[in-house]
Amino acid sequence: MMTGGNYTTIDSQKVSGSVPSVPDPGHTTVKFAESNLQTFPPSATQGKISGGSNPPRDADDTFSGPGSSSDEPQSGGWLHKFTVGAYKPFFDVDTSDVVDRLKESLFPFRGTFTEKTADKPDLYGPFWICTTLIFVAASIGTFVTYVAHKWKKQEWNYDINLVTWSAGVFYGYVTLVPLALYVVLKYFSAPSGLVQLFCLYGYSLFIFIPALCLSVVPVEIFRWVIAGVAGFMSATFVALNLKAHINSAGERSILIIASIFLLQLGLAVVLKLYLFTVTV
């Protein structure tokens, strides 16, 4: 070491020689403790959660049934008949179901309507068929009467009673006749579902919608033919679909079927006299 003035010189060899060398430790293996984290979804069933993508076993199946709802009170007994939920399943149909049943009513000789609707009869179709018939009957009857009066240059007045009369005929017929038939069949030990009878009679009136539209033709014979054909198809539709069921009533079955057929024809005659006929 040399000291001169303010500078100090250190021998680099001596300094390097005094520092010990660090040996190469080589490869060191580091081990980690096993993690407590679990993969998702778990491979095995734990608790109430099952493996894979399957839903829990205790999942809420409230909406799996056709007529249940979590927001509706569950009431039993006869009081349940006065709740909206009791009739909700009878309106649970889509457009394709209603269209298929309307087509079935136009082919009365098949007699398969009751079989196809046995599991799921509806009241949606009968309600709208009767409602449509009321407005069609009122509008067609008013239009035909108006044209007839104007053709003869006579004064014309709108008759509001045509709407109320049509509503009473169609709603009353599709309600009272199935109800009476339900009591008769139950008396003869051949009971049938009341809702199914409502469904059958409701769809049987669909043929009268195009018949009413054709009544605008101012030919009386043509109107009688249209009313007769519509009545015959409607009566055949009801009678054939109930024939297999009513046969279990024994000897009285032929009388019941004939009464059903004639009653439906009577409806067509009433409609012809009050809706298909235009007098000036």
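Two residues are taken to be in contact when heavy atoms of theirs lie within 4.5 Å. In this predicted model, that criterion gives Leu205, once its neighbours within four places in sequence are set aside, contacts with Ile129, Cys130, Leu133, Phe170, Tyr173, Val174, Gln264 and Leu267.

**Overall organisation**

The chain contains nine helices and two strands, and from the N terminus on its elements follow the order β-β-α-α-α-α-α-α-α-α-α. Of its 280 residues, 33% count as buried. Among contacts between residues at least 6 apart in sequence, 70% join residues at least 24 apart.

**The nonpolar core**

The largest nonpolar core comprises 46 residues, and those with the most contacts inside it are Phe170, Leu205 and Phe208. At least two residues of this core come from each of α2 (95-105), α4 (124-151), α5, α6 (194-204), α7 (208-214), α8 (220-246) and α9. In soluble globular proteins, nonpolar side chains tend to be buried together.

**The pairing of α5 and α9**

Helix α5 (residues 161-187) and helix α9 (residues 253-274) have axes that come within 13 Å and cross at roughly 175 degrees. Angles over 145 degrees count as roughly antiparallel, and α5 and α9 are therefore roughly antiparallel to each other. On the α5 side the contact is made by Trp165, Val169, Phe170, Tyr173, Val177, Leu181, Val184 and Leu185, which meet Ile256, Ile260, Leu263, Gln264, Leu267, Val270, Leu271 and Tyr274 in α9. Sorted by class, this contact has 15 nonpolar residues, one polar residue and no charged residues.

Tyr201 lies in helix α6 and, at 1% relative accessibility, counts as buried. Leaving out residues up to four places away in sequence, Tyr201 touches Tyr173, Val174, Val177, Pro178, Leu181, Val238, Ile260 and Gln264. With the same exclusion of residues up to four places away, Val177 touches Gly172, Tyr201 and Leu263.

| Pair | Separation in sequence | C-alpha to C-alpha distance |
|---|---|---|
| Val177 and Tyr201 | 24 residues | 8.4 Å |
| Tyr201 and Phe237 | 36 residues | 9.1 Å |

Ser192 is found in the loop between α5 and α6. A residue is called buried when its relative accessible area is under 20%, and Ser192, with a relative accessible area of 13%, is therefore buried. Not counting residues up to four places away in sequence, Ser192 touches Tyr182, Leu185, Leu197 and His245.

**The buried side of α2**

In α2, the buried residues are Val98, Arg101, Leu102, Glu104 and Ser105. They cover an arc of only 160 degrees around the axis, which puts them on the same side of α2. An α-helix has 3.6 residues a turn, so residues three or four places apart point the same way. The cover over the buried residues of α2 includes α3 (113-116), α4, α6 and α8.

Methods:
Residues are numbered from 1 along each chain as its sequence is written. This is a predicted model: local features need pLDDT of at least 70, side-chain atom pairs count only at pLDDT 80 or more; totals for chains, interfaces and linings use all residues. Side-chain values use heavy atoms; hydrogens and water are left out. Axes are lines fitted to C-alpha atoms, for helices over the stretch in contact, and angles run from 0 to 180 degrees between N-to-C directions. Helices (H or I, at least four residues) and strands (E, at least two) are DSSP runs, numbered from the N terminus. Angles under 35 degrees count as roughly parallel, over 145 as roughly antiparallel, 65 to 115 as roughly perpendicular and the rest as oblique. Ala, Val, Leu, Ile, Met, Phe, Trp, Tyr, Cys and Pro count as nonpolar, Asp, Glu, Lys and Arg as charged, and the others, Gly among them, as polar. A nonpolar core is a set of buried Ala, Val, Leu, Ile, Met, Phe, Trp, Tyr and Cys residues joined through side-chain atoms within 4.5 Å. Buried means under 20% relative accessible area, exposed over 50%, partly exposed in between (1.4 Å probe, protein chains only). The arc is that of the directions from the helix axis to the C-beta atoms.
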